[in-house]
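Subject: Structure handover

Hello,

Here is the structure for you to look at. My notes on its ligand, pockets and cavity follow below.

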Amino acid sequence: MRWNQVFFRGRHAQGSDRPQGAALAEGSSLARPALSVCVASGKGGTGKSVLSASLATLLSARGRTLLVDADFGVGNAHILFDASPARSFVDVAQGHCQVREAVHGCGQSLDLIAGGSGVSRMAGLSLYEMHLVASGLEALEFEYEYLLVDSAAGISDQTVGFALASDVVLIVTTPDLTAMTDAYAFLKVLYARKPDARVSLIVNRCQADPDAPQFGLGEGECPSAEQLATRVAERIVEVSRKFLGCEPHYAGLVPEDRAVARSIAQRMPLVRSEPGSPAALALQARSVALFDEWSRIEPLGLGQSLRRSVAYQALSAS
Ligand SMILES: Nc1ncnc2c1ncn2[C@@H]1O[C@H](COP(=O)(O)OP(=O)(O)OP(=O)(O)O)[C@@H](O)[C@H]1O
Ligand SMILES: [Mg+2]
C-alpha cells in the first residue's frame, strides 16, 4: 500500500475496514478525541508496562480504551494480555498495513496496538514513519474514550514526543536513586518544551526497607513503604519546582508485590489475575483519583498533536 493511501483513508471508514479489535463497533465515532495518557519513566524497568496493562484494564471499565505500545520494535504489552497480534506498529510504520489492521481486541472494551518485536531500528523512526504512526492514531482516536500509551524507556525525541502530544503524562519511578534521577531528566526535557504539561507521579515497588535512602528520616529508622514513597515524591517535586519551575503531582505509591511477577507469568494484567493483591488494590485506589482528575480534561487528540509535531519537524528540517 502506498503511504498516501494510509494517510488519506477516511477516519470512520467502514465495510472492509472493519476493525480487528473487540472494542470497535461500526459507526462508533465519538464527539471528541480520546483522552490520551502517556506512561513514561526515563529509566527502564520501573513498571510502566505492568502498570499500563492494569490501568488500561481499569480504564476500559469506564469507556473504550486503546492501549498503545509505543515501545516500538521491542514492545511487550501484548504478552501481558496473552495476545499474539498478527500486525503491530512495525507494520504500520513500514506502510504494510493500515492502523486498523493492527488493532487487537484484549477485552470487552479494550484494544491494543502492539509495539512489535525484534526490530531495534524502530526506536528511531524516520519522520515519514512517524507520520504514518501519528496519522494512524489520528484515524482511530474518535473511536475511543481513552488512549493509554505505554512508552519506551529513555528520553529520546520519539519517546518524549509521545508525552508532549498526550493530554496527561504519568511518570513511573521506583525509590532507586537512578530511577529518580531519570524521572527528573524526563521531566526536565518535557517541561522545557511544554511548561504546562499535566504530569502525575507514581512511586512503584515501594516497601519498608532498612537500606532505603532515608531522605530526612532519623538515623537508623526504617521507613515504611508510604514514608519512603512520600519522601521519593517530595524529592522529585521539590527539585522540579526549584530547578524547572514546574512540578508533577504526586499520585501515590504501588507497593512491591510478588503478585506482579505471578501476573506476568500468567500473562494477565494484575488487576485481572489477582485483584485482591496489595499492588492491585493500590492501583485501583490510585486510578480512582487519577481518573477523576482526568475526567475534567478536554482532550486535544494524541494522533493529531503528534502529526502536527511531525509536520513541524519536517518543515523545520527542509
Ligand atoms: N509493584 C511491583 N512489584 C514487584 N515487581 C514489580 C512491580 N512493578 C514492576 N515489577 C517488576 O519489574 C519488572 C519490569 O516491569 P515492566 O516491564 O513493567 O517495566 P517497564 O518500565 O515497562 O520496562 P521497560 O522500560 O523495559 O519497558 C517486571 O519484571 C515486573 O515483574
Ligand atoms: Mg515496558
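Start with the largest cavity: helix 2 and helix 8 each give at least two residues to its lining. Helix 2 provides the largest share, three residues. (Helices are DSSP runs of H or I of at least four residues, strands are runs of E of at least two, and both are numbered from the N terminus.)

Before you go further, note that this is a predicted model: local features need pLDDT of at least 70, side-chain atom pairs count only at pLDDT 80 or more, and totals for chains, interfaces and linings use all residues. Residues are numbered from 1 along each chain as its sequence is written, chains are lettered from A and ligands numbered from 1 in the order in which they are written, and side-chain values use heavy atoms, with hydrogens and water left out.

The cavity
- The structure holds one cavity of 30 Å³ or more. The largest cavity contains about 40 Å³ of space.
- Its lining is V50, A53, S54, L80, S263, I264, M268, P269 and L270.
- Seven of these lining residues are nonpolar, two are polar and none is charged. (Nonpolar means Ala, Val, Leu, Ile, Met, Phe, Trp, Tyr, Cys and Pro; charged means Asp, Glu, Lys and Arg; the others, Gly among them, are polar.)

How the spaces are defined: on a 1 Å grid over the protein atoms alone, a cavity is a set of points where a 1.4 Å probe fits but cannot get out. A pocket is an open set with protein on both sides within 12 Å along at least five of seven lines, and lining residues have an atom within 4 Å of a point. Points are joined across faces, edges and corners, and a volume is the space filled by probe spheres set on them.

The ligand
- Ligand 1 takes up the space of the second largest pocket. (To sit there, more than half of its atoms must lie within 2 Å of the grid points.)
- Around ligand 1 are 17 residues, and the closest are K48, S49, V50, N204 and D257. (The cut-off is a heavy atom within 4 Å.)
- Helix 2 gives the largest share of this shell, three residues. By class, the shell has six nonpolar, six polar and five charged residues.
- Which atoms come within polar contact range, a pair of N or O atoms within 3.5 Å? A polar backbone atom of V50 is 2.8 Å from an oxygen atom of ligand 1. A backbone N or O atom of G45 lies 3.0 Å from an oxygen atom of the ligand. From N204, a polar side-chain atom lies 2.9 Å from a nitrogen atom of ligand 1.
- Taken alone, ligand 1 exposes 630 Å², and the protein buries 79% of that. (Areas are from the Shrake-Rupley method with a 1.4 Å probe.)

The second largest pocket
- This pocket holds about 420 Å³ of space. It is lined by 23 residues, and G45, G47, V50, V260 and I264 are the closest to its centre.
- Helix 8 supplies the largest share of the lining, four residues.
- The lining divides into eight nonpolar, eight polar and seven charged residues.

The largest pocket
- About 500 Å³ of space lies here. Of its 22 lining residues, G161, L164, R193, S309 and Q313 are the closest to the centre.
- Helix 4 (127-140), helix 5 (157-165) and helix 11 (302-317) each supply at least two lining residues.
- Nine lining residues are nonpolar, nine polar and four charged.

Best wishes

Definitions and conventions
Polar contact = N/O pair within 3.5 Å; in protein donor to acceptor, adjacent residues only side chain to side chain.
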